[in-house]
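User: Could you take a close look at one strand of this model for me? I would like to know how it sits among its neighbours.

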Amino acid sequence: MDPYLAAVRNYWSLLPAVLVAVVLILVYAVPTLINPQWTSSIMALFRTAPLPVDASEAETRRAAGILGPQQIRSRRMLAVALVAGALVLVGINISFNREAVGCYKAARAFGAIDGPDAKDPCVDMIFGTFIGDGRGSSSDKPHQPVQNYQLVKGKKPKYLKWIQNAPKYDDADLLIGTGIACAGDLRIEEQEDKILVYVDVDTPCPAESNASITAFKLKKPLGDRKLVTVGDKPMTEINPDMDSWFTVLKKLATGG
């Protein structure tokens, strides 16, 4: 699976269709699992073809919906397969929604605003920086601050698995997010007593509906060093991540 599966993500919009499909499956499958004869007898009520006058006993039993032992086993196996299919359908729905919500939360945490890109956040709203790695010379002009950062340690951010051009966990100690217009001008200076992060432009970066994530590998462990931005103002550590399966299942069940 990869970010290009986003074309079939539903972002809750397929929930009514999923619920209808699951309910229809369960309406048939649950009674069939308990007693296949129930559903067979009910379906026999809708038989419209007339029974031949010289019908055999077997044909009469089939017309009445009476099942034999082998047919009962087959119906139960079909019901089990349908229930398994319903569970898979719900699982796919939960999985895609976890990805979408996780990417959206991360993009918003790094400063992206709501816009058309939010329709498909894992592809359009957040991605790894294509040009620039935070290194490079700095000009003498005024710099623009960067507010948030994320440390890649311990519990690794799951949303990175689903975005385009995602940095590898082993290649990143810090994740810094900016809009795409300023991503190439991001500068990260590793000093002895601090990590200085800023955007090397003299005008504020425009508000954008996407976030470009720059991964930075430290030369030595962060330790007690603080991350600061323009004017030595402390940056804010964030930890956006995907909701748990239980949380998304609860939202699906309650519509929250």
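Predicted model: local features only at pLDDT ≥ 70, side-chain atom pairs only at ≥ 80, totals over all residues.

Analyst: Happy to! Let's begin with a pairing: strand 3 (residues 148-151) and strand 4 run antiparallel and are joined by three bridges.

Now for the side chains. Leu 174, Ile 176 and Thr 178 point one way from strand 4, while Leu 175 and Gly 177 point the other way. Is each of these residues buried or exposed? They are all buried, whichever way they point. Strand 4 spans residues 174-178, and because five of its five residues are buried, the strand is largely enclosed by the rest of the structure.

For contrast, have a look at the surface. Leu 26, Val 30, Ile 34 and Trp 38 form a nonpolar patch there, with about 370 Å² of accessible area together. Helix 1 (residues 15-34) gives the most to this patch, with three residues. Leu 26 is found in helix 1, and its relative accessible area of 34% makes it partly exposed. An unreviewed UniProt entry places a transmembrane region at residues 12-34 and another at 77-96. Over residues 77-96 the chain is 100% helix, and the end C-alpha atoms are 29 Å apart.

Note on methods
Residues numbered from 1 in each chain as written. Heavy atoms only, no water. UniProt positions renumbered as here; feature names shortened; annotations may be inferred. Helix = DSSP H or I, 4+ residues; strand = E, 2+ residues; numbered from the N terminus. Patch = residues over 30% accessible without salt bridge, like charges linked within 9 Å, V, L, I, M, F, W, Y side chains within 5 Å. Areas by Shrake-Rupley, 256 points an atom, 1.4 Å probe, with all protein chains shown as cover. Salt bridge = Lys/Arg side-chain N within 4 Å of Asp/Glu carboxyl O. Buried < 20%, exposed > 50% of the residue type's maximum accessible area, 1.4 Å probe, protein only. Pairing = 2+ DSSP bridges.
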